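The sequence and structure come first, and the text follows.

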Amino acid sequence: MPAVSKGDGMRGLAVFISDIRNCKSKEAEIKRINKELANIRSKFKGDKALDGYSKKKYVCKLLFIFLLGHDIDFGHMEAVNLLSSNKYTEKQIGYLFISVLVNSNSELIRLINNGIKNDLASRNPTFMNLALHCIANVGSREMAEAFAGDIPKILVAGDTMDSVKQSAALCLLRLYRTSPDLVPMGEWTSRVVHLLNDQHLGVVTAATSLITTLAQKNPEEFKTSVSLAVSRLSRIVTSASTDLQDYTYYFVPAPWLSVKLLRLLQCYPPPEDAAVRGRLTECLETILNKAQEPPKSKKVQHSNAKNAVLFEAISLIIHHDSEPNLLVRACNQLGQFLQHRETNLRYLALESMCTLASSEFSHEAVKTHIETVIGALKTERDVSVRQRAVDLLYAMCDRSNAQQIVAEMLNYLETADYSIREEIVLKVAILAEKYAVDYTWYVDTILNLIRIAGDYVSEEVWYRVIQIVINREDVQGYAAKTVFEALQAPACHENLVKVGGYILGEFGNLIAGDRRSSPLIQFNLLHSKFHLCSVPTRALLLSTYIKFVNLFPEIKTTIQDVLRSDSQLRNADVELQQRAVEYLRLSCIASTDILATVLEEMPPFPERESSILAKLKKKKGPGMVSEIEETKKERNVEMNGSTEPATNASTVTPLSSFFLDLLAQPAIERPHPTKSLPQAPLLPASFLFPGTCPLLPKRSLSFESTPSPSTDLLGIESTAVFNSVPLNSTGGSLLVDVFSENSAPVATLASAAEENFSSSSDLTSPDNNIDDPATAVHVSHDDDDDVDELSDT
C-alpha cells in the first residue's frame, strides 16, 4: 500500500474536528457544523475548480459530519469524481464515502459501477482491492448483477496477486449471501476448490469461508473439497509453530484456518476413502493430545486460540459420531473443563456434552460426570451455565439415574431463576413419565412438582398425569389417596385442586372405605377449595360433585343443597350457572341406571404422543431438544400411557415412539379432557340434561379410531364411534354418543328411560370440543330434526 505523504494530513479536517470536540453544548456543535456545511457548499458551487486534495478534504469533513448523526444531502458527485483519481488517498476517500453514504438506489450507481469496473480492469492490485472492498461493503443486488460474473474470473486467474484473491473470495462470499441466484457456479467450482492447495494461507483462509458457505447449499458440487481440507488440516496440525511463523498466533499455528477447515468438514459425513478417513482421525487425535500438553504461554490469547481449535474438533467428532474412541476422549476432555475457572469454558463444555450424551458410544462416559454437573447446578453463579447444566442432566438421564436426577432438579427448582422454571418443570415431567418403573413414584413426583412450582406447571403436565392414572388401574387407588392427603394442606395450588377434583371424581370410591376419607369428608375437602379457585376450576369441581352423586348416593342430598344454592343457580358466570342447573336437574330426574350410565368412569385413553415434549421443543427451539431426543437410544422403556400394565417384554412399547415425531402421525379421535367446546345456550327446563362433561364418559362404549387432521394440546384427539348399544338388565339403557363428531343418531331411550321422561327420541351428539377437564359438553339444539327435547314427567 502506498505511503501517505505529509501533505495528506489535511490540517483543515484536524482543525474542524478539534472545534467540534471543544464545543460546550449541542447548540454550539450544530452552529459550527452548519457553518462548515455552508463553507463546503460554497466551495463545491464556486467557479474555481477544486483540486483533488481539496475535494478529498471536504468529502472527509462531510463523512465526519454524517458519522456525528447529521444528514448529508450534497457532495456525492464530488466523491464519485474522486474514483477517477490516480492517487491512492483520494481514491480511498471516494470509496469510503460511497460505501458509507451512497444508497443502492442512488442515481449515481451507474457512474459508481463504471468507476469500479475501470479499477478492476486496471490490474493495479491496490485499486482492485479498493473496488472489491466497496462492492463487499455495499453488497447491493445492483452490484451483484454488475460484477458477479467478473469477480470469479479474478479469483481463479493465475496472474492475480494473493491479496487480491483474498479480497475477491470474501467479496464473492458477500454477494452470494445477498444474491445467491446471481452468482454463477458450475464453470469455476473446481478451480475455487483447488484454492485450498494455495501456498498463501491468507488465500486458503478466505477460500475456505467461501467454500463452506457454498457447500452448505450445494454439497455435491464441492464434495472434492473434503480430501483437500483434510490434507491442509493435517499439514497445519502436524507442523511446528516455526513452520508457519507468519500465521502462528501465540504458539498456535493458523488457528483461524484450522477452525474454518473443521467447520467445512462438518458439512459432510465421514470420508468414504479409508486413507482420508484415517488421516482425519489422526488429525483429531493430535488436536486432543495437544490439549493435554502444558500451555506454552500463560496469556489468555494462547488458551483462547488453542481451545477454539479443540472445541471445533470436538464438534466434528460429534458430527461424525462414528469413532467410539474419539467420542469418549472428547467427553473426558470436556469433563476437565466442567470445573475450569473460566465461565465460558464451563458453558461450552456443558453445551457440547449435551450433544455427546445423545451418542450411544459416549452416553456412559457422560454419565460419569453426573456429580460434577449436579455440583455446577448448585454452585454456579451464572444463570446461563446453570441452564446448560439442567440441559445436560436431562440429556444424560436414563433408567439407572432417573430418580437421582429428578430429585436434584426438584431440589434446584425451589431456588431456580424464574426464567428457566417452566423449562425445568417440563423436563421433570418428561423424565418422571419416561423412566417411571414404579408409577407411585411418578404420581408423587408430579404432585411434588405442583407443590413446588405450581404457577409454572402448564396444562399439558396435569392433563398428562390424569391420562396416565386413568390408563393404569394399578395406580388409581394410590393416586386417589395421595391427592386426598395433598389437598389437606392449608394452601394448595389451583393445579393441585384440578388434579384432585378430577381423580377423586373418578376414583374417590377406592378410598371411601377408610373413615378418614369418607365420601362426605372428600366432598367437604374439595368444596372448601371451591371459592378460592378460578371459574374453570370451579366448573371442574361441579362436574366432580355430580360424579359423587353417582359414586356416593349417601351424600346426594348434601350435594344437591350446594347445587341448589343461590351462589350456584344465580351465578354471574353463565357456564357455572348452567352446570349447576343441569347437574341439579339430572340428579333429581334420572333413575339410578341412567345416572350410573351417564356418570360412568372415563375409558382408557389411546396410546398417543405426549404434548409435554412438544411444548419443550417449542420453548427451546428445534435444535436443542429434538436432536437429542431423536438420536438418543432408548433403554427398555415401556409406554406409560398404555391401557394395561405391561406384564412381559413382548407387551412393552418403547417410550421413544411416545415422545418423538409428535405431529407426524394423524391424531386419533376419542373423548378426552383437552378439547375445546363451543359455548352452548342455556337449555330449557324441559330439557335439563347435560350431554356430558370430561368426567362423564362411558367405559362400556366401543370406539373406532378415526384419523383427524386437527390436533390439540396433548396431541390425542379422538372421535368415539358407537358400534353397538348393549342393553342392561332392566331391558333398556340410555346411551348417548356424546363424543362423536358426526350428527347421526346413535342411541334411543329404552323402557328404563321412559320411566323418567315422558317422551324418548334419538339423541345426537353435537360437534364437541373439550378445552380442558373443567369444561362440560352440552347437547346442542342447532338441528331440531336430529335432536328432540325431552320433557320430564
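## Terms and basis

Angles between axes under 35 degrees count as roughly parallel, over 145 as roughly antiparallel, 65 to 115 as roughly perpendicular and the rest as oblique. The axes are lines fitted to C-alpha atoms, for helices over the stretch in contact, with angles from 0 to 180 degrees between N-to-C directions. Helices are DSSP runs (H or I, at least four residues), numbered from the N terminus.

This is a predicted model, in which local features need pLDDT of at least 70 and side-chain atom pairs count only at pLDDT 80 or more, while totals for chains, interfaces and linings use all residues. Residues are numbered from 1 along each chain as its sequence is written, and side-chain values use heavy atoms, with hydrogens and water left out.

## Helices α26 and α27

The axes of α26 (residues 473-486) and α27 (residues 494-507) come within 9 Å and cross at roughly 135°. The two helices are therefore oblique to each other. Their crossing is left-handed, a term for a near helix turned anticlockwise from the far one by less than a right angle.

Contact here means heavy atoms within 4.5 Å. On the α26 side, Q476, A479, A480, V483, F484 and A486 take part, and they meet L496, V499, G500, I503, L504 and F507 of α27. These residues divide into ten nonpolar, two polar and no charged. Ala, Val, Leu, Ile, Met, Phe, Trp, Tyr, Cys and Pro count as nonpolar, Asp, Glu, Lys and Arg as charged, and the others, Gly among them, as polar.

## Helices α13 and α14

Helix α13 (residues 225-237) and helix α14 (residues 255-265) have axes that come within 10 Å and cross at roughly 150°. That makes α13 roughly antiparallel to α14. The crossing is again left-handed.

From α13, the contact uses S225, V226, A229, V230, R232, L233 and I236; from α14, L257, S258, L261, L262, L264 and L265. Ten of the contact residues are nonpolar, two polar and one charged.

Buried residues of α22 include I405, E408 and Y412. The buried residues of α22 pack against α20 (370-379), α21 (383-396), α23 (418-434) and α24 (439-453).

How values were computed. Buried < 20%, exposed > 50% of the residue type's maximum accessible area, 1.4 Å probe, protein only.
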